Amino acid sequence: MRQAQALAQRHGQQQIEAEHLAVALLSQDGGVAARVVEKAGVAPATLLQRLQQAIEKMPRVSGGGAQAGQVFISSRVSEVFNNAEAEAQRMKDEFVSVEHLLLRSRA
């Protein structure tokens, strides 16, 4: 989440969107997300590039109305987390993990 937040802040965006979260997960060295994407037949580098292009197109906030360091979670990301938590409960897991996020993500 911190990586997604930092990514949004670097781009001058006030909301953490699903794309920020996906980039953060795919960018983790030895992370689960890249391996899952690869097993699904998609090149993680290609997906990462497309996600970064989508982030570049997102609205930016600057000037007097922008509050430095304040970043919010979008409704899409909130839904991803809610779905992941439901999946963790269904699987009787104590914690929400990357796998739960990937299983229930509709982003």
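Predicted model: local features only at pLDDT ≥ 70, side-chain atom pairs only at ≥ 80, totals over all residues.
A helix here is a DSSP run of H or I with at least four residues, and helices are numbered from the N terminus. I began with that term, then looked up Ala84, which is found in helix α5.

**Entry 1: Ala84**

Next I looked for a partner along the chain. Leu102 is 18 residues away from Ala84 in sequence, and their C-alpha atoms are separated by 7.9 Å.

**Entry 2: the whole chain**

I counted its secondary structure: 6 helices and 2 strands. In sequence order the pattern runs α-β-α-α-α-β-α-α. The protein has 107 residues, and 33% of them are buried. I also looked up the surface. The accessible surface is about 7000 Å², and carbon and sulfur atoms hold 50% of it.

Then I turned to contacts. I took those with a separation of 6 or more, and 61% of them join residues 24 or more positions apart.

**Entry 3: helix α2**

Which residues of α2 are buried? I listed Ala18, Glu19, His20, Leu21, Val23, Ala24, Leu25 and Leu26. That is 8 of the 9 residues of α2, so the helix is largely enclosed by the rest of the structure.

**Entry 4: α2 against α4**

Two packed helices are described by the angle between their axes and the distance between the axes. I looked up both values for this pair. The axes of α2 (residues 18-26) and α4 (residues 44-57) come within 9 Å. They cross at roughly 145°. The crossing of α2 and α4 is left-handed.

I then wrote down who meets whom. From α2 come Glu19, His20, Ala22, Val23 and Leu26. From α4 come Leu47, Leu48, Leu51, Gln52, Ala54 and Ile55. How do the residues of this contact divide? I found 8 nonpolar, 2 polar and 1 charged.

**Entry 5: the nonpolar core**

In soluble globular proteins, nonpolar side chains tend to be buried together. I looked for such a group here. The largest nonpolar core has 23 residues. Ile16, Val23, Leu25 and Leu26 have the most contacts inside it. The elements that give this core two or more residues are α1 (2-10), α2, α3 (32-39), α4, α5 (75-90) and α6 (98-104). Which element gives the most to this core? It is α2, with 6 residues.

Setting aside residues up to four places away in sequence, Leu25 touches Ala33, Val98 and Leu101.

**Entry 6: Pro44**

I found Pro44 in helix α4. Its relative accessibility is 18%, so Pro44 counts as buried, under the 20% cut-off. I noted its contacts, again without residues up to four places away: Ala34, Val37 and Glu38. I also checked Pro44 against Ser27. The two are 17 residues apart along the chain, and their C-alpha atoms are separated by 9.1 Å.

**Entry 7: residues in loops**

Ser74 is in the loop between β2 (72-73) and α5. Its relative accessibility is 2%, so I put Ser74 down as buried. What does Ser74 contact, apart from its neighbours within four places? I found Gln15, Ile16 and Glu17.

Gln14 is in the loop between α1 and β1 (15-16). I noted Gln14 as partly exposed, with a relative accessible area of 25%. I then looked up Gln14 and Phe72. They are 58 residues apart in sequence, yet 6.0 Å apart in space, C-alpha to C-alpha.

Val61 has its place in the loop between α4 and β2. Its relative accessible area is 32%, so Val61 is partly exposed. I also took the pair Val61 and Gln15: 46 residues apart along the chain, with 10.0 Å between their C-alpha atoms.

Lys92 lies in the loop between α5 and α6. Is Lys92 buried or exposed? At 75% relative accessibility Lys92 counts as exposed, because the cut-off for exposed is over 50%. I looked up its backbone too. Phi of Lys92 is near 60°, a positive value in a residue other than glycine.

Notes:
Residues numbered from 1 in each chain as written. Heavy atoms only, no water. Buried < 20%, exposed > 50% of the residue type's maximum accessible area, 1.4 Å probe, protein only. Contact = heavy atoms within 4.5 Å. Areas by Shrake-Rupley, 256 points an atom, 1.4 Å probe, with all protein chains shown as cover. Axes fitted to C-alpha atoms, helices over the stretch in contact; angles between N-to-C directions. Left-handed = near helix turned anticlockwise from the far one by under 90°. Nonpolar A, V, L, I, M, F, W, Y, C, P; charged D, E, K, R; others polar. Core = buried A, V, L, I, M, F, W, Y, C linked by side-chain atoms within 4.5 Å.
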